[in-house]
Amino acid sequence: MKIELTKESRRSSIDFSNLPFGKNMSDHMLVCHFKNGQWQEAEIRPYGQLDFSYGLHALHYGQSAFEGMKAYRKEDGGVSIFRPLDNFARLNRSAERLMMPQIPKDLFMGGLKKLLEIDSDWVPDAEDHSLYIRPFLFASSEFIAARQSDDYTFCIITSPVGPYYSGTVKVKIEQEYTRATGGGIGFTKAAGNYGGSFYPTSKAIQEGYNQVIWTDHKEHKFIEESGTMNLMLLVGDTFLTPPLTDRILAGVTRRSIIHLIKDQGWSIQERPISVDEIVHAARDGELKEAFGMGTAAVVSQIDTLGYKGENFSIPVPVDGKAMYIKRMLNDIRMGRSDDKYDWMVDLSVSETA
Ligand code: COI
């Protein structure tokens, strides 16, 4: 691996007490090109500009996918990454469906560890803060014929972040637009899945919500995801979350939270959830808590559910189950409780932020 270090770190110019999500990039990035059917030597270099012309294939046809994961500063000053192998596997599932090459494990994990060791002082140490890691793979031939690219580029950039949402969120059950269809690419982290969501989301924001709850593509009768997150509902004493299909992203946070819930002995069902069922539960006071689960926001409590112009309030207790789950996750990530599931991958660094 080639390594070129920055001549001047930008670290001291960043206000770590105010970290808007994804705004500040760390000093270095990883870049590796796939050409002539082969991965070339990876390079770590100062974060900077793209090297391509305007014919860049990914810009025209969206053959591009990304991942999101986080590294945490532990109480002992060390740095750990949360479940990176799960993100590695998911990026390769996205790559397969989008007809991009598989990324070798050594490139992903070796490059990631080296990059984070170099930029370890960019990992914040405050509660609910972390280093957001954005691996991405895109079509990088420079032609505009509508067929898959020949060349691809894999990169990792990182960004120190604070909480994604400043408080609880209001969501609208979407009745017009669709995030994903059967047989499509909803289960991948394709760039276009997000590009297509901005318009419906901005309409919901104009109506006073923060996000939409996506519903099924045929009749909008079943709940699917919550904005960029998976959705968890607590109805009575039972947690409910939609089962994974090819329209739903298999969230790493979702999988981890389901594991924690089962380990508490709490009741949970992964099954289709109709909009009617949820609206009734909200109306009858049976919907005790609702939250989004994702890498960026971790656990995001939902305080309002909007449906066909009517708003239902949902309790957002500070000492409820959503916040209990979030604390359990944070404790594992920050090294305050035992990593009994083997979720954390430690780096060899000792610096403190
Ligand atoms: C996540 O939270 O998992 C995301 O993908 C959010 C990202 C699009 C900002």
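Predicted model: local features only at pLDDT ≥ 70, side-chain atom pairs only at ≥ 80, totals over all residues.
Residues are numbered from 1 along each chain as its sequence is written, and side-chain values use heavy atoms, with hydrogens and water left out.

Turning to the helix itself, α5 covers residues 198-206, and P200, T201 and A204 are buried there, where buried means under 20% relative accessible area, exposed over 50%, and partly exposed in between, with a 1.4 Å probe and protein chains only. These three cover an arc of only 100° around the axis, and therefore sit on the same side of α5, the arc being that of the directions from the helix axis to the C-beta atoms. As background, an α-helix has 3.6 residues a turn, so residues three or four places apart point the same way. The buried residues of α5 pack against β10 (169-173) and β11 (211-215), with contact meaning heavy atoms within 4.5 Å. On the face turned away from that buried side we find the exposed residues F198, Y199 and Q206.

Positive phi values also turn up in residues other than glycine. R83 has a phi near 45° and is found in the loop between β7 (79-82) and α2 (84-97); R83 counts as buried because its relative accessibility is 13%. D342, with a positive phi of about 65°, lies in the loop between α8 (321-333) and β19 (344-346), and D342 counts as exposed because its relative accessibility is 66%.

Finally, the ligand. Among the residues that surround the ligand are F21, Y132, R134, Y164 and Y194, a residue being near if one of its heavy atoms lies within 4 Å. An N or O atom in the side chain of K189 is 2.5 Å from an oxygen atom of the ligand, whereas the backbone takes part at T295, where a polar atom is 3.1 Å from a ligand oxygen, and at A296, where a backbone N or O atom lies 2.8 Å from an oxygen atom of the ligand. On its own the ligand has 280 Å² of accessible area, of which the protein covers 90%, these areas coming from the Shrake-Rupley method with a 1.4 Å probe.

Definitions and conventions:
Helix = DSSP H or I, 4+ residues; strand = E, 2+ residues; numbered from the N terminus. Polar contact = N/O pair within 3.5 Å; in protein donor to acceptor, adjacent residues only side chain to side chain.
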